[in-house]
Amino acid sequence: MNFKRYMETLIMVIHPDITNSIVNKRWMTELSKYPNKYEVRHLDQIYPDGNIDVLAEQKLIERYGRIVFQFPYYWFNCPPRFKQWLDEVLTYGWAYGSKSGYKMAGKKIALAISVGIDEAVYRSTAKYKYTLAELTRPFELTFEYVKADYRPLFAYYGIELNSGKEWIERSVPLYMDFLSNLS
Ligand SMILES: Cc1cc2nc3c(=O)[nH]c(=O)nc-3n(C[C@H](O)[C@H](O)[C@H](O)COP(=O)(O)O)c2cc1C
């Protein structure tokens, strides 16, 4: 076994506009300080033309026991490259559907989402009716379908109204703690 890979967590960042990002960019900067713990990949940067190398992605995923998909919440969903990645990489015979398949089985998978609206608004049944855990059920079901070990998500809220340095910096140790507790 490759011990280094075993120690690492793979962080898949999906953000179509990282240049103007505040939170996700800050998280990436923090993660880059720990190259022995976190391998960070920005999917939109790796595949700017959208041609995902499915075999390369599958081989990479096979090497990690913990994978986090980090993205900003867009229209109560993920940015498009993540959905494309799921559609193309989770193939029959690799992710599910044959005896040798289920290559993601048992892997710890989590979402880490930056959210514009306040947490209290999502919690309030009068306003949006659903929590983020409920709204992300399709991801939970997808990863359960491929027998991965889907973990409760990390979310950092309220960025639309407060993108000040203090609020953003507050998120960094929370996210790092979340990642440490994933192991
Ligand atoms: C196209 C678009 C759609 C968005 N949709 C939502 C949404 O449905 N719910 C929400 O809480 N925030 C929404 N936001 C706010 C983003 O989640 C927020 O700007 C982002 O998490 C900040 O992360 P960043 O600084 O890394 O870009 C949206 C932002 C954009 C640009």
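This is a predicted model: local features need pLDDT of at least 70, side-chain atom pairs count only at pLDDT 80 or more; totals for chains, interfaces and linings use all residues.

Visitor: Which residues have the most contacts inside the largest nonpolar core?

Guide: In soluble globular proteins, nonpolar side chains tend to be buried together. A nonpolar core here is a set of buried Ala, Val, Leu, Ile, Met, Phe, Trp, Tyr and Cys residues joined through side-chain atoms within 4.5 Å, where buried means under 20% relative accessible area, exposed over 50% and partly exposed in between (1.4 Å probe, protein chains only). The largest such core has 36 residues, and those with the most contacts inside it are Phe69, Phe82, Trp85 and Phe143. At least two residues each are supplied by strand E1 (9–13), helix H4 (54–62), strand E3 (66–72), helix H5 (80–89), strand E4 (108–114) and helix H8 (137–145); helices (H or I, at least four residues) and strands (E, at least two) are DSSP runs numbered from the N terminus. The largest share, 4 residues, comes from H5. A second, separate core of 21 residues includes Ile18, Phe154, Tyr156 and Leu179.

Visitor: Where do the buried residues of helix H9 fall when seen down its axis?

Guide: An α-helix has 3.6 residues a turn, so residues three or four places apart point the same way. Helix H9 (residues 165–181) has 17 residues and reaches 25 Å from its first C-alpha to its last, close to the 24 Å expected at 1.5 Å a residue, the expected span being 1.5 Å times one less than the number of residues. Its buried residues are Ile168, Ser171, Val172, Tyr175, Met176, Phe178 and Leu179. Seen down the axis, these buried residues fall within an arc of 160°, so they line one face of H9; the arc is that of the directions from the helix axis to the C-beta atoms. On the other side of H9, Glu166 and Asn181 are exposed.

Visitor: What does Arg26 touch, leaving out residues up to four places away in sequence?

Guide: Contact means heavy atoms within 4.5 Å. Arg26, which lies in helix H2, touches Lys33, Ile168, Glu169 and Val172 on that count. Arg26 and Glu169 are 143 residues apart in sequence, yet 8.3 Å apart in space, C-alpha to C-alpha, and a polar contact of 2.8 Å joins their side chains. A polar contact is a pair of N or O atoms within 3.5 Å; within protein, one must be able to donate a hydrogen and the other to accept it, and residues adjacent in sequence count only if both atoms are side-chain atoms.

Visitor: Which residues come nearest to the ligand?

Guide: A residue is near a molecule if one of its heavy atoms lies within 4 Å of it. Of the 16 residues around the ligand, Ser21, Ile22, Asn24, Tyr73 and Ser114 come nearest. A polar side-chain atom of Ser21 lies 2.7 Å from an oxygen atom of the ligand, and for Tyr122 the corresponding distance is 2.8 Å.

Visitor: Is Ser114 buried or exposed?

Guide: Ser114, in strand E4, is buried, with a relative accessible area of 6%, and its side chain makes a polar contact of 2.9 Å with the side chain of Asn24.

Technical notes. Residues are numbered from 1 along each chain as its sequence is written. Side-chain values use heavy atoms; hydrogens and water are left out.
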